[in-house]
Amino acid sequence: FPLAPCQRAEVVVGIQRRLGAARFLDIAKVDLGYFCDATAEALSRFQQLRGLPADGVCDANTWTLLVESSWLLGSRLLYLTSPQLRGDDVELLQTTLAKLGFHCGRVDGILGPKTVAALSDFQLNYGLVADGVCGEETLQALDRISWQSGEGPGVVSVREYEILRDNIASS
């Protein structure tokens with residue numbers, strides 16, 4: 001890293017496939033392994049969406065976010081590890097738990113102790129083994145009950161608002 005347009009490398013194939021999976025790039029229309037203009041444009045759109053400098057260059061930060069964004073909820077077991085698991089799948093788990101009223105802290109896509117505690121609390125309340133591991137059985141339970149939670153900002157937004165309000169009131 002960094003990788004920029006006009007370079008040819010095997011790692012470019014990985015970048016292109018991840019951009020393709022995220023629907024930023026039609027990989028059928030590019031020369032796999034060659035960092036073409038279409039790859040750079042797709043990467044720039046991805047970077048802009050993720051709050052990175054949209055320069056079309058794949059540096060270590062961009063690569064990390066590409067990898068993290070490729071995880072779908074259910075494509076891997078989620079459990080507390082060191083370093084902590086990160087990804088869009090974790091963010092969706094946190095959002096779902098928060099909408100159901102299980103406080104997992106800030107929705108940040110990082111599977112930390114607060115998320116595991118919220119997950120364990122959900123499992124316990126649902127009658128599952130409260131092991132803090134999000135696998136198939138837990139995902140099925142979340143899916144069964146989450147449709148009842150409705151739409152809207154969710155519990156996490158209300159909690160963050162209350163924390164902000166309390167901080168302002170105490171200062």
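Reply: In this predicted model, helix α4 (residues 88-99) packs with helix α5 (residues 113-126) at an angle of about 55 degrees, and their axes lie 10 Å apart. The crossing in which α4 passes α5 is left-handed. On the α4 side, the contact is made by Leu93, Gln94 and Leu97, which meet Thr115, Ala118, Leu119 and Phe122 of α5. Of the residues in this contact, five are nonpolar and two are polar, with no charged residue.

Helix α1 (residues 10-21) and helix α2 (residues 37-49) have axes that come within 10 Å and cross at roughly 55 degrees. That angle makes α1 oblique to α2, and the crossing of α1 and α2 is left-handed. Here Ile15, Gln16 and Leu19 of α1 meet Thr39, Ala42, Leu43 and Phe46 of α2. The contact of α1 with α2 comprises five nonpolar residues, two polar residues and no charged ones.

As for the cysteines, Cys58 has a relative accessible area of 0% and is buried. Cys104, at 4% relative accessibility, also counts as buried, because the limit for that class is under 20%. With a disulfide taken as a pair of cysteine sulfur atoms within 2.5 Å, the count of disulfides is zero.

Notes: Residues are numbered from 1 along each chain as its sequence is written. This is a predicted model: local features need pLDDT of at least 70, side-chain atom pairs count only at pLDDT 80 or more; totals for chains, interfaces and linings use all residues. Side-chain values use heavy atoms; hydrogens and water are left out. Axes are lines fitted to C-alpha atoms, for helices over the stretch in contact, and angles run from 0 to 180 degrees between N-to-C directions. Helices (H or I, at least four residues) and strands (E, at least two) are DSSP runs, numbered from the N terminus. A crossing is left-handed if the near helix is turned anticlockwise from the far one by less than a right angle, and right-handed if clockwise. Contact means heavy atoms within 4.5 Å. Ala, Val, Leu, Ile, Met, Phe, Trp, Tyr, Cys and Pro count as nonpolar, Asp, Glu, Lys and Arg as charged, and the others, Gly among them, as polar. Buried means under 20% relative accessible area, exposed over 50%, partly exposed in between (1.4 Å probe, protein chains only). Angles under 35 degrees count as roughly parallel, over 145 as roughly antiparallel, 65 to 115 as roughly perpendicular and the rest as oblique.
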